Amino acid sequence: MKRILFIAPYLSGGGAEKVAALWSSGLSNLGADIHFLVFYRTEKEYELNDKVKLHSLWSSKSQYNSKSKVRKLLELRR
């Protein structure tokens, strides 16, 4: 089984985020183990298939903005 990770800042608003949400849902239907990592959650997010595992690094945009660039990279790497 293939394991694939999608990373996006959030799951709303942009065309790239919508395409990533559609791809992740479609690939999960084909049997791939899909994980989607977002920096923070928003209110109006694109819908994901139930098989896609959604992870977020920070709970809110303000928490994301309070981190330095170095700290963001370290937490992303972890």
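**Salt bridges and nonpolar core**

Asp-33 is buried, with a relative accessibility of 12%. That value falls in the buried class because the class covers everything under 20%. The model described here is a predicted one.

Asp-33 takes part in a salt bridge with Lys-53. The closest N and O atoms of this pair are 2.8 Å apart. Asp-33 belongs to strand E2, while Lys-53 belongs to strand E3, residues 53-56. Lys-53 is partly exposed, at a relative accessible area of 36%.

Asp-33 also meets the side chain of Arg-3 in a salt bridge. Here the N to O distance is 3.2 Å. Arg-3 lies in strand E1 and Asp-33 in strand E2, so this pair ties together parts that are 30 residues apart in sequence. Arg-3 counts as exposed, with 67% relative accessibility.

Arg-41 is partly exposed, at 41% relative accessibility. Glu-45 is partly exposed too, with a relative accessible area of 23%. Side chains of opposite charge can pair when their charged atoms come close.

The nonpolar residues are considered next. The largest nonpolar core holds eleven residues. Its members are Phe-6, Ala-8, Leu-11, Ala-20, Ala-21, Ala-32, Ile-34, Phe-36, Val-38, Leu-48 and Val-52. Strand E1 (3-8), helix H1 (15-29) and strand E2 (33-38) are the elements that each give two or more residues to this core. Strand E2 supplies the largest share, three residues.

Phe-36 is a member of this core. Neighbours within four places in sequence are left aside in its list of contacts. Among the core residues, Phe-36 is in contact with Phe-6, Ala-8, Leu-11, Ala-20, Ala-21, Leu-48 and Val-52. Its contacts also include Ser-24, Leu-54 and His-55. Lys-53 is another contact of Phe-36. Lys-53 is also the salt-bridge partner of Asp-33.

Notes. Residues numbered from 1 in each chain as written. Predicted model: local features only at pLDDT ≥ 70, side-chain atom pairs only at ≥ 80, totals over all residues. Heavy atoms only, no water. Core = buried A, V, L, I, M, F, W, Y, C linked by side-chain atoms within 4.5 Å. Buried < 20%, exposed > 50% of the residue type's maximum accessible area, 1.4 Å probe, protein only. Helix = DSSP H or I, 4+ residues; strand = E, 2+ residues; numbered from the N terminus. Contact = heavy atoms within 4.5 Å. Salt bridge = Lys/Arg side-chain N within 4 Å of Asp/Glu carboxyl O.
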